[in-house]
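Here is a short briefing on one protein model. Look at the structure first, then read the points below.

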Amino acid sequence: MQEQALATGAPLTPIDTVPPSETLVDFPDNRLLIDLCGPYDRNLTAIESALEVQIVRRGNHLAILGGLDARTRALEIMNALYIRLESGREVEPGDIDRELRMGGGSDDVRRPMQGDQMELPVGHKVEIKTRKKPVEPRTEAQKAYVQSLFDNELAFGIGPAGTGKTYLAVAVGVSMFIGGHVDKIILSRPAVEAGEKLGYLPGDMKDKVDPYMQPLYDALNDFLPGKQLAKLIEEKQIEIAPLAFMRGRTLARAFVVLDEAQNATTMQMKMFLTRLGEGSRMVITGDRTQIDLPRGQASGLQDAERLLQNIPKISFNYFTSKDVVRHPLVAAIIEAYEADTQSG
């Protein structure tokens, strides 16, 4: 016996409640079905591999074979992706990964940002609007982090590399800037060598520090057109500078991000945190397992975490290897190093 469902804007519900060996899904728009499947059925293959089901194309139908729970899950995910295509958006590998991690439902509930008129979607769908593309969290920890960035004037994101801490912070900063909620974006990092000696770099000050700042430029290039980004940097509405350049400043109506904060000293961290001015928001990101400070030098991130943990309106969000959204091997590598540290 087959169970049939029609892919529409509403969640799919099988007609027959008797557990069959196959679920047949009917998609009314064959063009969208092609996009749903992806090049060489790449999208279907990703769902099959993650859920241990088999998905077979039959004209404008898809047959899902496997256990009942896995088929139901695959049905929810394909429905969410089809609705995304109906709305005019594309389906990319990251969208499939997000649905696999977070579920296939949808929720358009919105609420106002605390102390402002800006609205942030809550529930399943959280979307950050930038000039080039919308950005959506891909794990529950990322979603909670993004919500805390909108809700709190000072937020910490702590966890391993590849979990989207800085990327999402920059996306929220761009969103708030283009929405008029802040007047400038300031991105900073400690200029600390990661174990190797880079020598006396040639060029002016910008040439010397830019290699340390490149990951921040990369994130901004994902969210703003090149010419607009260059103009904003030239007009100093977007600043990218080493942490040492923050001393003596008061940052009003700015969205401020300190990346790689585990490499800030205790005094640098105190200096940076006290730059917070009226109408500003500050985000501190770091990974406690990648401290490159000289031996015996305390990490300002660890001190800040210890001292500020219980202060209201300061949020701490934590990530694990399960939140890694880079190549799947990155999560496995992080877990291997964590296991070795614990066994040692």
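Ile 240 touches Leu 187, Met 213, Leu 216, Tyr 217 and Leu 220, leaving out residues up to four places away in sequence. Touching, or contact, means heavy atoms within 4.5 Å. The model is predicted: local features need pLDDT of at least 70, side-chain atom pairs count only at pLDDT 80 or more, and totals for chains, interfaces and linings use all residues. Residues are numbered from 1 along each chain as its sequence is written, and side-chain values use heavy atoms, with hydrogens and water left out.

**Nonpolar cores**
- A nonpolar core is a set of buried Ala, Val, Leu, Ile, Met, Phe, Trp, Tyr and Cys residues joined through side-chain atoms within 4.5 Å.
- Buried means under 20% relative accessible area (1.4 Å probe, protein chains only).
- The largest core has 35 residues, and Val 172, Leu 187, Leu 220, Ile 238 and Ile 240 touch the most other members.
- Elements giving two or more residues to this core include α6, β10 (184-189) and β11 (238-242).
- Helix α6 gives the largest share, 8 residues.
- A second, separate core of 24 residues includes Ala 241, Ala 254, Met 282 and Phe 316.

**Helix α6**
- Helices are DSSP runs (H or I, at least four residues), and strands are too (E, at least two), numbered from the N terminus.
- Helix α6 covers residues 165-178.
- In α6, 12 of the 14 residues are buried, among them Val 172 and Phe 177.

**Strands β9 and β14**
- Strands β9 (residues 154-158) and β14 pair in the parallel sense over 5 bridges; pairing takes at least two DSSP bridges.
- Ala 155 stands opposite Ser 315 in β14.
- In β14 (residues 314-318), 4 of the 5 residues are buried.

Key. Buried < 20%, exposed > 50% of the residue type's maximum accessible area, 1.4 Å probe, protein only. Expected span 1.5 Å × (residues − 1).
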